[in-house]
Number of protein chains: 2
Amino acid sequence: MLRFSLEATDPSCRARAGRLHTAHGEVETPVFMPVGTHAAVRGLTPLELEKTGAKILLANTYHLAERPGPGLVAKAGGLHGFMSWDGPILTDSGGFQVFSLPKKEIHKDGVRFKSEVDGSKINLTPERAIEIQHGLGADIIMPLDECTPYPATLKHATRGVENSLRWLNRCIETHISSNSAQALFGIVQGSTFPELRIHCADSMVELDLPGYAIGGVSVGEGLDELKRIVDATEPRLPKDKPRYLMGVGLPEDLVESVQRGMDMFDCVIPTRYARSATIFTRRGKIRMTHKRYRRDFFPIDPSCACYACANFTRAYMHHLYQSNEILGTILGAIHNVSFYQTLMTEMREAIVDKRFMEYRKVFFENYASAASA
Amino acid sequence: MLRFSLEATDPSCRARAGRLHTAHGEVETPVFMPVGTHAAVRGLTPLELEKTGAKILLANTYHLAERPGPGLVAKAGGLHGFMSWDGPILTDSGGFQVFSLPKKEIHKDGVRFKSEVDGSKINLTPERAIEIQHGLGADIIMPLDECTPYPATLKHATRGVENSLRWLNRCIETHISSNSAQALFGIVQGSTFPELRIHCADSMVELDLPGYAIGGVSVGEGLDELKRIVDATEPRLPKDKPRYLMGVGLPEDLVESVQRGMDMFDCVIPTRYARSATIFTRRGKIRMTHKRYRRDFFPIDPSCACYACANFTRAYMHHLYQSNEILGTILGAIHNVSFYQTLMTEMREAIVDKRFMEYRKVFFENYASAASA
């Protein structure tokens, strides 16, 4: 079962350094989880992923339930065996993806939708979401929740919280009766309404779960609104449990949210951006296809020690992207994920050294100077 | 400068084991060169490429001359520096690609065509082909030749040989005057006409070049015709020089051609097939997308020790290809290139042990039993 130990708190803000203890190893927090939607992180072998410093991955229940199906994954030894990743894994509940579908029918027992793979009608209930995740076998699993879109009316957001609370209780019941060693988190909803967030958080904390997530973010609300949501919710979450901010985000979002006491993050951005030639550097994002990099024989990010930066120039990266060579995406993903991991490691060190706000200041000074192309 | 040492000859056929000594290390022959068209082997980092056992790569002059251009590559430290590959490299002359264009104008000084990148008119002369390759800086370079399509009339094939011979002499002149340490091979043309092949080979051998290629193959002639071409040409080539069969081929082509005294090969097949889910195994090619692999928890090829076979199942590979995950192409390329390298290593060992024909027999017995899907 999952344990969390809080190891340091920065005195000048709410930033925390901790450690997740899982059956598949320890993870230092704050941590960024690369996303392996179909049980594969786009462009990276598990070996390369490990070398980026990534310790824990996220896989998407919705996609894996559609293909190859939880039964097959279970037969392969769960996600760990199937994708050959020995470290911890977290699966979402599928709710986020289902609520992004244009056509779905939300009812008190869950949500009905049409399969994107074969068009069949699927009824995703809290029980089913947990059963699927039992088959996938991740270390951390998530309950079915109603993720309200942004912006949402108070009425809509209230219903989302009510559904999420009711479904969470049903998830817990199914989970407990299975004797699974997986850790089930709660997901706090409530859109942009502080009173709803507080109500939802307080109700979930009573259930004494091994971790809490803030959901219903990264749905277009922007960084200022995200900060307000975190600021409203975080004080209600227990200090001795990990806090996971779902689907966040850009480097600046991570810095702002670590400062606000968040411990875990996931996002497709580092690998998705790598596919479209957008590369993160300490001075901001750059578009590798810009002609200014055609004859630039410096490493992608001179301050980075990843395989891509240690061996290749921007001119070569530019050439790979211009030529549509897969290697561009691969090297871009190696670098972007490494960049995220380095950022998390540096933030953790700063928290332990009680100088997070100084780190934050220097980060934004450098990052703001980005020659964005 | 390139040296070649012949180390063993199989007494029961013409198969040879040798060694290329280059400024970038030694290469045991027979050898298969993966193709890095745009100075990148599709889907593989140089590190992964090295782990497959690949020792020498081929890069395409035609594509690199168009983008990023030989001047930029030279400034990056040649191809070795640009693509971060420390082993030997061979570049073709660009002739093969130009002769594949639908619109080109062959004249006595070379060939005129339109750039596929910017539409500009390009006149590729023997001198220019060599100058470009000097900029790219490969260990082995090739002369501009006229690659006749299959089938060709005797008249057309005769003109191809005449042009190739005249252009080779001009290439040598340019090459010698530059004092380059690169090794310039000759390319024997002559289509399917034994007398033309013999005439071309004899004329080129007089020039005492460091190696000889058989060109104008892999243009649709098929394995039987390929064997006849090699059988006609090989006896005219000096035993103490490497023989390179251009653009070949499938595993069965390699076995047949090693038996016939060929030392070097290149082909896009292992990486191209990996992109379309076709995977080589000791029992033949398999289509990884076939439904029979959906629940197959064996390694891709149980006899293979590559990273892909050591860590992943056919069921996972099937899933990756079904989900259009780049990782399918990456792992497929790792395996296919490893398969080719293992095949070459095994053939070399069999030659050294004087049991090549026995190896060949077992290879075809297994490979013919392929459950081709």
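**Notes on the two-chain model**

1. A turn to look at first: in the hairpin made by strand 8 and strand 9 of chain A, with 6 residues between the strands, G119(A) takes a positive phi near 75°. Helices (H or I, at least four residues) and strands (E, at least two) here are DSSP runs, numbered from the N terminus. Strand 8 (residues 110–114) and strand 9 (residues 121–124) of chain A run antiparallel and are joined by 4 bridges; two strands pair if DSSP finds at least two bridges between them. Within that pairing, R112(A) has N123(A) of strand 9 as its bridge partner.

2. Before going on, some housekeeping. This is a predicted model, in which local features need pLDDT of at least 70 and side-chain atom pairs count only at pLDDT 80 or more, while totals for chains, interfaces and linings use all residues. Residues are numbered from 1 along each chain as its sequence is written, and chains are lettered from A and ligands numbered from 1 in the order in which they are written.

3. Chain A has another hairpin to check. Strand 2 and strand 3 of chain A form it with 2 residues between them, and 5 bridges join these antiparallel strands, strand 3 being residues 25–29. L20(A) stands opposite V27(A) of strand 3. The loop between strand 3 and strand 4 of chain A holds P30(A), and the peptide bond joining T29(A) and P30(A) is cis, with omega about 5°.

4. Have a look at the corresponding spot in chain B. The bond from T29(B) to P30(B) is cis, with omega near 0°, and P30(B) sits in the loop between strand 3 (25–29) and strand 4 (31–36) of chain B.

5. How is chain A divided? It has domain 1 (3–267) and domain 2 (278–368), with bounds that come from an automatic or database domain assignment. Their centres, taken over C-alpha atoms, are separated by 27 Å. The contact takes 27 residues from domain 1 of chain A and 24 residues from domain 2 of chain A, where contact is C-beta atoms, placed from the backbone, within 7 Å. On the domain 1 side, strand 2 (16–22), strand 4 (31–36), helix 1 (46–51) and helix 10 (251–259) of chain A each supply at least two residues. Helix 10 of chain A gives the largest share of that side, 6 residues. By class, the domain 1 side has 15 nonpolar, 5 polar and 7 charged residues. Ala, Val, Leu, Ile, Met, Phe, Trp, Tyr, Cys and Pro count as nonpolar, Asp, Glu, Lys and Arg as charged, and the others, Gly among them, as polar.

6. Now the chain–chain interface: 30 residues of chain A are in contact with 30 residues of chain B. On the chain A side, helix 4 (78–83), helix 12 (307–311), helix 13 (314–322) and helix 14 (326–352) each supply at least two residues. The largest share of that side, 5 residues, comes from helix 13 of chain A. The chain A side has 16 nonpolar, 10 polar and 4 charged residues.

7. Helix 8 (residues 194–205) of chain B has end C-alpha atoms 16 Å apart, in agreement with the 16 Å that its 12 residues should span at 1.5 Å a residue (the expected span is 1.5 Å times one less than the number of residues). Its buried residues are L196(B), R197(B), C200(B), A201(B) and M204(B). They cover an arc of only 125° around the axis, which puts them on the same side of helix 8 of chain B; the arc is that of the directions from the helix axis to the C-beta atoms. The face turned away from the buried side carries the exposed E195(B) and D202(B). A residue is buried if 20 or more other C-beta atoms, placed from the backbone, lie within 10 Å of its own, exposed if 12 or fewer, and partly exposed in between.

8. Helix 14 of chain B is largely enclosed by the rest of the structure, because 22 of its 27 residues are buried. Just after helix 14 of chain B, K354(B) takes a positive phi of about 55°.

9. A39(B) has phi near 60° and counts as buried, with 28 C-beta neighbours inside 10 Å. N324(B), not a glycine, has a positive phi of about 55°, but counts as exposed, with 9 C-beta neighbours inside 10 Å.

Key. Contact = placed C-beta atoms within 7 Å.
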